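Open the model in your viewer and keep the sequence panel beside it. The tour goes from one selection to the next and says what is found at each stop.

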Amino acid sequence: MTDSSPAPTAVPQPLWDTVRGLDLPEQHLKDLTSFPDEAGEILLDAVDALRERDPRAARTLAEALREHAPHAGHRQFATNQLAGMLRAEGRNAEADQLLEELLSPGLDRGVALLLAEDLAARGEHDKALHCYNVVCRGILAQPPETVAELNRLGLMPLLGRARMRELLGMAPDAHDLATRSTDAYLPPVENLADLSGDAPGGNAPERSRPTDSADRPGPGQRSTPPAPGRNEPCSCGSGRKYKKCCGSPLAR
């Protein structure tokens, strides 16, 4: 882009100045002009689109989003993207520095979910537990009995948290015990669509009523809201669409 047009509404001018100097995919440019309120989401997608064909442009855009994205969650997502690109280049010290920045107070729940599994896979169980605690903070503030009301999607971060606590040698707490108990009777997931909101109706799957306990909630009694549709805002509050946040394969 070589025009000198002013930034669309809701797009900070410094971010727009960077975008104008990059050869973004045409569809992203059209979306950015048509839906300026979704600029953060659109440009985060553009970073992913650029990584294969123009890594330098991808990094430039991620850096601009990290500094100027209008939503704090988008800035953190961009920081995570940038850390991933640095790590792919073998620049682990710089990537670790960005990671430490993300782990400071104020970590977005959607970003925490993305970080948790990556950190767990690298054996950084204490940091992974920190991220899982951020993701699970809402349910952890409620009585452990509330865990039994979750569907498979809602339970997964709690399972990750319980796994990290076990690997760190911690005794199970009440939420861990409730999580393991609920996991034992929830129906298995047949495919990724069951988790991502792509099942018929766009909702997370209902669980069947357990046969061995009359006090478990049955069909129609679940108080947990269904997962958002793939193109709806993620319920974690990140500002991204569900399919690009907690409903993405990477997040799972």
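This is a predicted model: local features need pLDDT of at least 70, side-chain atom pairs count only at pLDDT 80 or more; totals for chains, interfaces and linings use all residues.

Start with helix H10, residues 152-167. Helices here are DSSP runs of H or I with at least four residues, strands are runs of E with at least two, and both are numbered from the N terminus.

Residues are numbered from 1 along each chain as its sequence is written, and side-chain values use heavy atoms, with hydrogens and water left out.

Select Asn 151, in the loop between helix H9 (137-140) and H10. Is Asn 151 buried or exposed? Asn 151 counts as buried, because its relative accessibility is 3% and buried means under 20% relative accessible area, with exposed over 50% and partly exposed in between (1.4 Å probe, protein chains only).

Now show polar contacts, meaning pairs of N or O atoms within 3.5 Å; within protein, one atom must be able to donate a hydrogen and the other to accept it, and residues adjacent in sequence count only if both atoms are side-chain atoms. A side-chain oxygen of Asn 151 comes to within 3.2 Å of the backbone nitrogen of Leu 153. The side chain of Asn 151 also reaches the backbone nitrogen of Gly 154, at 2.9 Å.

**Along H10 and past its end**

Colour the buried residues of H10; among them are Arg 152, Leu 153, Leu 155, Pro 157 and Met 164. Then stop at Arg 165, which also lies in H10 and counts as buried at 13% relative accessibility. Which backbone oxygen does the side chain of Arg 165 reach? That of Ala 171, at 2.9 Å.

Contact means heavy atoms within 4.5 Å. Leaving aside neighbours within four places in sequence, Arg 165 is in contact with Leu 129, Met 170, Ala 171, Pro 172, Asp 173 and Asp 176. Gly 169 follows H10 and has a positive phi, near 80°.

**Two helices side by side**

Select H5 (residues 72-88) and H7 (residues 109-121), whose axes come within 9 Å and cross at roughly 20°. Axes are lines fitted to C-alpha atoms, for helices over the stretch in contact, and angles run from 0 to 180 degrees between N-to-C directions. Angles under 35 degrees count as roughly parallel, over 145 as roughly antiparallel, 65 to 115 as roughly perpendicular and the rest as oblique. H5 and H7 are therefore roughly parallel to each other. Gly 73, Gln 76, Phe 77 and Asn 80 of H5 make the contact with Gly 110, Val 111, Leu 114 and Leu 115 of H7.

Go to Asp 17 in helix H1 (residues 13-20). Asp 17 is partly exposed, at 35% relative accessible area.

Next, select Cys 131, buried at 0% relative accessibility, and Cys 136, buried at 3%. The structure holds zero disulfides, a disulfide being a pair of cysteine sulfur atoms within 2.5 Å.

**The whole chain**

Finally, zoom out. The protein chain has 12 helices and zero strands. Buried residues make up 46% of its 252 residues.

Conventions. The expected span of a helix is 1.5 Å times one less than its number of residues.
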